[in-house]
Amino acid sequence: MPIWGADTAQLKALGSKLQAGSSEIEKQKSLLTRALDSTDWMGPDADKFRQEWNGSHVSDLARVARALEEAGKQANKNASQQEEASQS
């Protein structure tokens with residue numbers, strides 16, 4: 001008979017890894033922004049890159065970080081629900 005559900009320990013581990021990935025993306029985004037801000041680089045290419053970084057790249061990274069954070073929360077919620085269902 002097949003098992004229906006999830007291995008809750010694995011699901012919680014996945015949730016933690018997803019949330020850690022979110023934190024790492026936010027950390028790297030901040031480090032890269034500070035590095036870019038402290039780099040002596042002038043001219044149209046620099047202006048264009050900074051505009052793209054501060055515009056689409058930063059917001060894209062923030063969106064990915066939020067998605068990973070939410071996925072991690074959902075995995076943890078699903079693990080808790082699975083544990084509750086298994087105890088019933």
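## T8

T8 is buried, with a relative accessible area of 19%, where buried means under 20%, exposed over 50% and partly exposed in between, computed with a 1.4 Å probe on protein chains only. The place of T8 is in helix α1; helices (H or I, at least four residues) and strands (E, at least two) are DSSP runs, numbered from the N terminus. Not counting residues up to four places away in sequence, T8 touches A79, Q82 and E83, a contact being heavy atoms within 4.5 Å.

## Basis of the values

This is a predicted model, in which local features need pLDDT of at least 70 and side-chain atom pairs count only at pLDDT 80 or more, while totals for chains, interfaces and linings use all residues. Residues are numbered from 1 along each chain as its sequence is written, and side-chain values use heavy atoms, with hydrogens and water left out.

Helix α1 covers residues 8-37, 30 residues in total. From its first C-alpha to its last it reaches 43 Å, close to the 44 Å expected at 1.5 Å a residue; the expected span is 1.5 Å times one less than the number of residues. The buried residues of α1 are T8, L11, G15, S22, K29, T33 and L36. What covers them includes α2 (44-87). An α-helix has 3.6 residues a turn, so residues three or four places apart point the same way.

G15, also found in helix α1, is buried with a relative accessible area of 0%. Leaving aside neighbours within four places in sequence, G15 is in contact with G72, A75 and N76. G15 and E69 are 54 residues apart in sequence, and their C-alpha atoms are 8.4 Å apart in space.

## The chain as a whole

The protein chain has 2 helices and 0 strands. Its C-alpha atoms fill a box of roughly 65 × 20 × 15 Å along the principal axes. The radius of gyration is 20 Å, whereas a compact globule of 88 residues would have a value near 12 Å; the radius is taken over C-alpha atoms, and the globule rule is 2.2 Å times the number of residues to the power 0.38. Of the contacts in the chain with a separation of 6 or more, 80% are between residues 24 or more positions apart.

Buried residues make up 19% of the 88 residues. The accessible surface of the chain comes to about 6,500 Å², and 57% of this belongs to carbon and sulfur atoms; the areas come from the Shrake-Rupley method with a 1.4 Å probe.
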